[in-house]
Structure formats: C-alpha cells, structure tokens
Amino acid sequence: MHIVIGVNALDYSGYPDCRPEYIAAFDYLARLATRAGVEGRPPRIWAPLQHLTKAGIIRVGLELGLDYGMTHSCYDPRPDGRPCGHCDSCRLRAKDLRKPAPSIH
C-alpha cells in the first residue's frame, strides 16, 4: 500500500510537513505504528513531486497529458470548490502556468 502526498520543494519553508525529514519520519511511523507495518506489510509514504518546483510539476503533468483545467491546489477553496485565487498556492500556480510550456521531447 502506498500513501501518496503531493508536497513539493517550494512549500518547505512555509509548511514544515513538506520537508523530506517529515516525510521520512512519517514513513517510519507508518511502519512502526500500524497493524500492517507490524505484520510486515507497512504502508509506504510516497512523495514523488517532493523535489520538483511547481513549474517542474506542471511540466510532468503536461508530459502525462493532465488537463490542468480540472485541478487546483488552493489552500482555501470557495464553498463551491473553486480556488480562492489569493492564497500562496493559487498565486504560485498562476505564475507558473503563465510560463511558456517547455518541449517534452
């Protein structure tokens, strides 16, 4: 079993739970403090985007054919689920989406 978390490098400074040390500690805890872990089938914490910038994450999504119009990364979405457009995540995302898309070849 994998528990996937989408933390990334830009979030390290403002969000301590995005640091590699936290992810490693949580992975250790999942092995130590869960029934599956004690029985030798520990869940693994996987943070595949951890060392990427938001621009790097966008590049990977484009390479995979992701429709970014169906996503957001807002920390304070509106009641209808749309992003607020004002939080750090919304502003960083908007900035990176305005950059020219890199070649994927």
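Glu39 counts as partly exposed, at 46% relative accessibility; by the convention used here, buried means under 20% relative accessible area, exposed over 50%, and partly exposed in between, with a 1.4 Å probe and protein chains only. Glu39 forms a salt bridge with Arg41, the closest N and O atoms being 2.4 Å apart. A salt bridge is defined as a side-chain nitrogen of Lys or Arg within 4 Å of a carboxyl oxygen of Asp or Glu. Glu39 also pairs with Arg35, where the closest N and O atoms are 3.5 Å apart. Both arginines are exposed: Arg35 has a relative accessible area of 67%, and Arg41 has one of 51%.

The model is predicted, so local features need pLDDT of at least 70 and side-chain atom pairs count only at pLDDT 80 or more, while totals for chains, interfaces and linings use all residues. Residues are numbered from 1 along each chain as its sequence is written, and side-chain values use heavy atoms, with hydrogens and water left out.

The chain contains four helices and two strands, these being DSSP runs numbered from the N terminus (helices H or I, at least four residues; strands E, at least two). Along the sequence they follow the pattern β-α-α-β-α-α. Of the 105 residues, 25% count as buried. Among contacts with a separation of 6 or more, 50% come from residues 24 or more positions apart, a contact being heavy atoms within 4.5 Å.

A search of the whole structure finds six salt bridges. One of them joins Arg44 to Asp27, with the closest N and O atoms 2.4 Å apart. Because Arg44 lies in strand β2 (residues 44–46) and Asp27 in helix α1 (residues 20–32), this pair ties together parts that are 17 residues apart in sequence.

Phe26 belongs to a nonpolar patch on the surface together with Tyr22, Tyr28, Leu29 and Leu32, and the accessible area of the patch is about 480 Å². Such patches are made of residues with over 30% relative accessible area and no salt bridge; like charges are joined within 9 Å, and nonpolar side chains (Val, Leu, Ile, Met, Phe, Trp, Tyr) within 5 Å. Accessible areas come from the Shrake-Rupley method with a 1.4 Å probe, and for residues only the protein chains shown count as cover. The chain exposes about 7,400 Å², of which carbon and sulfur atoms supply 60%.

Helix α4 has Ser89, Cys90, Arg93 and Asp96 as buried residues. They cover an arc of only 135° around the axis, which puts them on the same side of α4; the arc is that of the directions from the helix axis to the C-beta atoms. An α-helix has 3.6 residues a turn, so residues three or four places apart point the same way. The buried residues of α4 pack against α3 (54–63). Leu97, which is also placed in α4 (residues 88–98), is partly exposed, with a relative accessible area of 40%. The C-alpha atoms of Leu97 and Ile58 are separated by 7.5 Å, although the two residues are 39 residues apart along the chain.
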